Amino acid sequence: MARARTSKVAANKAITTNAVDGLAAESPWPISSVGVAEMPWLRAPWDRFLLMHRQDRLPHGLLVTGASGLGSLTLAREMAAYLLCADPVTTPGAERACGQCAACRLRLAGTHPDIQLLVRDNASKDISVEDIRTLIERFSLTRYGPLRVALIEQAERMNRSAANGLLKLLEEPPAGSLFLMTSERADLLPSTIRSRIQRLTMTVPRRAVIVDWLTQRYGLSTEEAELLWFIGDDRLMDGSPPSWDWQSPTTAWVRLMTERDQVLPVVKQWQTIDRDVLARWLMRIWVEVMRVHSGLPTEAPAPLQPLIQKLAGARSKSHWLKVHRVLLEFLQSARHPLNEELALDRLALDLIDPDLPARLV
Ligand SMILES: [Zn+2]
């Protein structure tokens with residue numbers, strides 16, 4: 001893992017110069033990024049942020065919470081950009097960073113000294129105490145303007161010692177500093193941290209609003225947009241093209257449960273997918289399988305329904321209940337990858353027989 005990290009850092013150094021080493025997988029300010037103005041469901045938390053700023057009530061710690069896929073990182077990025085901009089647009093309803101001042105140009109180039117990013121990276125999901133230390137060190141270096149912003153994506157990735165490090169910063173925040181965090185699972189953050197930050201909660205828009213938005217934004221059919229809504233991948237909101245194949249991993253899962261000796265082909269298929277996306281996907285599918293077993297209508301888009309029915313029919317309800325623990329463990333391990341191939345082998349075997357780990361111990 002250490003090697004993977006190093007090469008990733010080297011490959012991305014040119015575009016992520018102000019990101020803490022090893023934790024930024026892509027340019028933190030993608031040029032194609034979709035803005036708050038284009039995502040109507042972000043308007044309410046954005047307005048609350050603007051109000052706090054106008055009234056000079058911004059706290060030292062601010063947490064954007066809400067389901068994955070709603071654009072929490074976009075919102076946090078725009079807040080940072082707005083605060084660092086020397087000449088932001090303040091017209092009511094159109095507030096944003098100007099994108100042209102010296103500060104904005106530095107930020108867009110990834111070289112603004114007053115912003116530190118701990119954004120998600122496929123190679124290393126956790127945030128260690130070293131990452132937090134690096135953050136503190138860089139905060140004490142020369143500053144450009146009156147405010148310094150640290151942006152921590154998925155703050156629940158912090159391990160215990162990292163959280164303690166951040167807590168110290170929140171208890172005695174350096175002058176003119178703001179810690180902006182996003183989290184889908186704020187309940188996983190230590191209560192000591194939660195009590196020292198303010199929350200901006202994103203409300204979940206109706207399914208039709210998101211599907212409409214995806215259709216217009218990417219020129220998709222309603223059916224494709226429904227599938228993307230179902231995946232709920234945050235990166236779509238950040239301007240990444242919707243290229244992920246949803247059907248193959250699901251079909252692979254059906255094969256795993258219905259045919260013999262399918263472990264290797266399935267593992268090979270699943271290896272082609274980002275583990276975090278795969279883990280979320282399998283969990284979403286699991287929810288639908290349980291709905292079928294509980295006699296509830298499934299919420300999955302139509303093309304997925306036959307596959308979900310097949311999965312549900314392949315095993316009993318008690319089997320699927322046990323699979324929940326397997327998937328939870330996989331979701332957690334997706335954030336602390338050790339040996340990818342081994343972990344996927346193990347996942348496939350555990351999905352076939354969730355009692356296997358207990359028997360082997
Ligand atoms: Zn500006």
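Is Trp 41 buried or exposed? I looked this up before anything else. Trp 41 counts as buried, because its relative accessibility is 7%; the cut-offs are under 20% relative accessible area for buried, over 50% for exposed and partly exposed in between, with a 1.4 Å probe and protein chains only.

**Ground rules.** I'm working on a predicted model, where local features need pLDDT of at least 70, side-chain atom pairs count only at pLDDT 80 or more, and totals for chains, interfaces and linings use all residues. Residues are numbered from 1 along each chain as its sequence is written, and side-chain values use heavy atoms, with hydrogens and water left out.

**Whole chain.** I get 17 helices and five strands for the protein chain. These are DSSP runs numbered from the N terminus: H or I over at least four residues for helices, E over at least two for strands. Of the 361 residues, 51% are buried. I then took contacts (heavy atoms within 4.5 Å) between residues at least 6 apart in sequence, and 74% of them join residues at least 24 apart. The accessible surface is about 16,700 Å², with 54% of that belonging to carbon and sulfur atoms; the areas are Shrake-Rupley with a 1.4 Å probe, and for residues only the protein chains shown count as cover.

**Aromatic pairs.** My rule: rings of Phe, Tyr and Trp (its six-membered ring) pair if their centres lie within 6.5 Å, with planes under 30 degrees apart stacked, over 60 edge-to-face and the rest tilted. That rule gives five aromatic pairs. Trp 41 and Trp 213 make an edge-to-face one, at 5.5 Å centre to centre and 80° between the planes. Trp 41 sits in the loop between α1 (2–12) and α2 (43–54) and Trp 213 in helix α8 (residues 207–218), so the pair ties together parts 172 residues apart in sequence. Trp 213 has 10% relative accessibility and therefore counts as buried.

**Helix α14.** Which residues of α14 (residues 305–314) are buried? I find Leu 307, Ile 308, Leu 311 and Ala 312. They lie on the same side of α14 because they cover an arc of only 135° around the axis, taken from the directions from the helix axis to the C-beta atoms. An α-helix has 3.6 residues a turn, so residues three or four places apart point the same way. On the other side, Lys 310 and Gly 313 are exposed. The buried residues of α14 pack against α11 (247–258), α13 (275–293) and α15 (317–333).
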